Amino acid sequence: MSILLEVKNLTKSYSQEKAADNISFALEEHTSTALIGPNGAGKTTTLSMLAGLVSPSNGTIAFHNNKTSDIREIIGFLPQYPKFFPWLSALEFTEMAARLSGVEAKKATLEARKTLEFVGLGDAMKKKTSAFSGGMKQRLGLAQAIVHKPKLLLLDEPVSALDPAGRRQVMNLLKELQAETTILYSTHILNDAEEMTDQLLFLRQGALVEHGSLEDVRTRYAKPRILIEFEKLEDIQRFKALTPWELTVTGRTIAIDIVAEKVEMPAVLAILYKEGFLIRKVERQTASLEEIFMEVAVIQS
Ligand code: ATP
């Protein structure tokens, strides 16, 4: 695979703070990358610099094999809060976006129609955007970002305004689009990142604090553990007295850190069986993406 975009030491300083602080990463063609971080981590600032809307204070953004001088022809951008002219229909708006991104007049209407069908607005393309719901606006925002078939698609929280069914549909559309383009999107919704991502970039206070494939990050932060939920609360003390392990207790459930305690399931099951404990559930678990997010991206107070 070849590299489409390379970002080096990208920094944006405002008077008081660095909204983006020395960020470096690369995007390979036809991959999807999730930019993850809490509010204020610098996701919008980073995407806006890549889209050419905010000028960096420092650092470089290099598109490989790019022959166009107008960045709008190779980039599609869906802002966090897309705005539309309320007096235009979805078709007129998408046609206008196509023309502004270099699509010939002859082709613009056809491409706009095809794109609106693709995002699920086929029946609403003649409606004025003032009559659109939040979810329809998000789809229209996606349509204007992809109508010119950009090489790089930048999406700032593309599914935040959608209900669970809409979210699933749009994530599926994005998966389809990956065959034609390269996607960088920001999200708070970690399940979405889990569903579609080749690379995760975790931002915290403007800095890139962790990156890698989902599998890499999972392995690094897996924290494998055994959870036991007891039927009787008093059994927790009895179990504690019988075992040498450090236990974390939450209600009726205890957690044993597999790596720190050098223990595996058979040893735990043997004790539970031999001592006749009544248990509701025993399971081996690893950290969820949610927990990894809390550990990597959120500063613990
Ligand atoms: P959210 O998830 O809330 O959208 P974010 O990760 O997209 O947050 P940014 O919007 O990039 O974060 O903001 C990063 C930091 O930069 C914030 O502290 C924000 O207040 C600051 N910032 C962003 N734009 C400006 C600006 N134009 N002037 C001053 N500070 C700014």
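Visitor: Which backbone oxygen does the side chain of Thr-181 reach?
Guide: That's the backbone oxygen of Lys-151, at 3.0 Å. Keep in mind that this is a predicted model.

Visitor: Ok, and where is Thr-181 found?
Guide: Thr-181 sits in the loop between helix 5 and strand 7.

Visitor: Is Thr-181 buried or exposed?
Guide: Buried: its relative accessibility is 5%, and the cut-off for buried is under 20%.

Visitor: What does Thr-181 touch, leaving out residues up to four places away in sequence?
Guide: His-30, Thr-31, Pro-150, Lys-151, Leu-152 and Leu-153.

Visitor: Switching to strand 6 now. How many of its residues are buried?
Guide: 5 of the 5, covering residues 152-156, so strand 6 is largely enclosed by the rest of the structure.

Visitor: Which residues are on each side?
Guide: Leu-152, Leu-154 and Asp-156 are on one side, with Leu-153 and Leu-155 on the other. Both faces are covered.

Visitor: And which strands does strand 6 pair with?
Guide: Strand 5 (residues 75-78) runs parallel to strand 6, joined to it by 4 bridges; Leu-78 has Leu-155 as its bridge partner. Strand 7 (residues 182-187) is also parallel to strand 6, with 5 bridges, and there Leu-152 stands opposite Thr-182.

Visitor: What do strand 6, helix 5 and strand 7 make?
Guide: A right-handed β-α-β unit, with helix 5 spanning residues 164-177.

Key:
Residues numbered from 1 in each chain as written. Predicted model: local features only at pLDDT ≥ 70, side-chain atom pairs only at ≥ 80, totals over all residues. Heavy atoms only, no water. Buried < 20%, exposed > 50% of the residue type's maximum accessible area, 1.4 Å probe, protein only. Helix = DSSP H or I, 4+ residues; strand = E, 2+ residues; numbered from the N terminus. Pairing = 2+ DSSP bridges. Right-handed = clockwise from strand over helix to strand, strands pointing away. Polar contact = N/O pair within 3.5 Å; in protein donor to acceptor, adjacent residues only side chain to side chain. Contact = heavy atoms within 4.5 Å.
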